[in-house]
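Work through the exercises below with the structure in view. Try each task before reading its solution.

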Amino acid sequence: MSEILTKGWAAYDEAANFKPITFKRAALKDDEILLKTLYCGICHSDIHAARNEWGVTKYPIVPGHEIVGEVVQVGKNVKEFEIGNKAGIGCLINSCGECEACLNSNEQFCSKGAVWTYNSVDYFNDNEITKGGYSNYIKVHKDFAINIPENAPLELIAPLFCAGITTYSPLKFSKVSKGMDVAIAGFGGLGVMAFKYAKAMGANVSVIARNDTKKQIALELGASNYYNDINNVDKRFDVIISTIPSKYDVLAYARVLKYGGEMAIVGLPPIDEKVSISLNALIRVSHKKIYGSLIGGIKETKEMLEFSLKHEIYPEVKIISAEDINKAYDDLLNNSSSFRYVIKFDE
Ligand code: NDP
Ligand code: ZN
């Protein structure tokens, strides 16, 4: 098999101005499948990475980890997919498969290091730096591709492979159930998904934002309360999911947890926006838990997709063409809408 000629969109430096790129992916391996990309969501993590806000970006970078595509080639060991099937790829394309985390399907914590969909060293493919879904073809180990049933709404499903699983996972971890009071902090692409899942799990769900721009949509979606300032929150919550992508006062949120409440942090601010916590203040919010949550494993991603399809839980999306990636980034950085931009790839 020969190398895979791929066309995509790359950022070349911290200005994150996307331009076309042509590159080659290593030839398909026996246990890999090749997808022709149909849709790819734009996650705020793509923005952090393209702008090198976490300090680890290798340029040129081709982001994109909310991918839906059509299977166009399968390796000879692949029984799970056939040409023409639709499949999804999230943040992971491979991992060692042998360590405790992998054996428990928490591949994101692979002790050898998971192979992330972009900007990661692919030690199964000559240490090539992975390039993501802002491109017309992408390959993945068969065990990291998610089967998508026929007739599923593909453009709505793409964002589930990051925004969906990243919010579903902590809600399950914190055992959200009927009647619980849940708050979502940061109401963008991830926040809306967290909101919809928590409601489907039977919780009363409130939104904590820092302005009123998303008040209308939150109320339309059935928010119990909408706060435009954490300091005005008069209610107490069993669970808070924070998707805030910048620096903020974490303990101000922990204070509005109920006794025994839990707060999951999924927002990943730029590395130079460090949050520091006063231990004295932390001790005053005792008997509450604050934990970080990083995407979710492949087994849970399949469960999330089933849950989403069953309850028809999808993001609010805006479909764009790849030429409009730069405009979408500007909008997400300046205007912060609650919908997910999803790139549609042409034939
Ligand atoms: P979006 O840009 O779609 O949404 C972020 C939202 O947060 C916006 O609505 C913004 O609105 C709001 N916001 C920003 N600052 C504050 C603040 N101080 N208080 C309240 N709201 C705020 O981003 P995504 O939803 O795509 O991603 C969110 C974060 O999650 C990112 O940091 C991303 O990297 C991270 N992430 C983490 C993952 C994980 O595994 N842990 C996986 C995927 C993403 P406004 O500006 O109007 O306030
Ligand atoms: Zn993401």
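## Exercise 1: Around the ligand

The model is predicted. Among the 30 residues around ligand 1, those that come nearest are H44, R210, K214, I295 and R340.

**Task.** Find which atoms of S45, K214 and V266 lie by ligand 1, and at what distances.

**Solution.** 
Step 1. Take S45. A polar atom of its side chain is 2.8 Å from an oxygen atom of ligand 1.
Step 2. Turn to K214. An N or O atom of the K214 side chain lies 2.6 Å from an oxygen atom of ligand 1.
Step 3. Go on to V266. Here the backbone takes part: an N or O atom of it is 2.9 Å from a nitrogen atom of ligand 1.
Step 4. Apply the cut-off. A polar contact needs N or O atoms within 3.5 Å. The pair at S45, at 2.8 Å, meets it.
Step 5. Look at the cover. On its own, ligand 1 has 930 Å² of accessible area, and the protein covers 95% of it.

## Exercise 2: Who makes the shell?

**Task.** Sort the shell around ligand 1 by element, class and domain.

**Solution.** 
Step 1. Start with elements. Those giving two or more residues to the shell are α1 (44-50) and α5 (189-200). The largest share, 3 residues, comes from α1.
Step 2. Sort by class. The shell holds 14 polar, 13 nonpolar and 3 charged residues.
Step 3. Check the domains. Domain 1 (4-162 + 296-344) and domain 2 (164-292) each give at least three residues to the shell.

## Exercise 3: Aromatic pairs

A pair of aromatic rings is described by the distance of the centres and the angle of the planes. The structure has 10 aromatic pairs.

**Task.** Classify the pair of Y168 and F307, and say which parts it ties together.

**Solution.** 
Step 1. Read the geometry. The centres of Y168 and F307 are 5.4 Å apart, with 55° between the planes.
Step 2. Compare with the cut-offs. Stacked means under 30 degrees and edge-to-face means over 60, so the rest are tilted. The Y168 and F307 pair is tilted.
Step 3. Y168 sits in helix α4 (residues 163-173) and F307 in helix α9 (residues 298-311), so the pair ties together parts 139 residues apart in sequence.
Step 4. Check burial. Y168 has a relative accessible area of 2%, so it is buried. F307, at 15%, counts as buried.

**Task.** Now classify the pair of Y248 and Y253.

**Solution.** 
Step 1. The centres of Y248 and Y253 are 5.5 Å apart, and the planes make 85°.
Step 2. Edge-to-face pairs have planes over 60 degrees apart. The Y248 and Y253 pair is edge-to-face.
Step 3. Y248 is buried at 13% relative accessibility. Y253 is buried at 7%.

## Exercise 4: Two threonines

**Task.** Decide whether T37 and T57 are buried or exposed, and find which backbone oxygen each side chain reaches.

**Solution.** 
Step 1. Locate T37. This residue is in strand β3 (residues 32-41).
Step 2. Buried means under 20% relative accessible area. T37 has 1%, so it counts as buried.
Step 3. Follow its side chain. The T37 side chain reaches the backbone oxygen of S135 at 2.6 Å.
Step 4. Locate T57. That residue is in the loop between α1 and β4 (67-74).
Step 5. T57 has a relative accessible area of 14%, so it is buried.
Step 6. A polar atom of the T57 side chain lies 2.6 Å from the backbone oxygen of A49.

Terms used: Residues numbered from 1 in each chain as written. Chains lettered and ligands numbered in written order. Predicted model: local features only at pLDDT ≥ 70, side-chain atom pairs only at ≥ 80, totals over all residues. Heavy atoms only, no water. Near = heavy atom within 4 Å. Polar contact = N/O pair within 3.5 Å; in protein donor to acceptor, adjacent residues only side chain to side chain. Areas by Shrake-Rupley, 256 points an atom, 1.4 Å probe, with all protein chains shown as cover. Helix = DSSP H or I, 4+ residues; strand = E, 2+ residues; numbered from the N terminus. Nonpolar A, V, L, I, M, F, W, Y, C, P; charged D, E, K, R; others polar. Domains from an automatic or database assignment. Phe/Tyr/Trp six-rings, centres within 6.5 Å; stacked < 30°, edge-to-face > 60°. Buried < 20%, exposed > 50% of the residue type's maximum accessible area, 1.4 Å probe, protein only.
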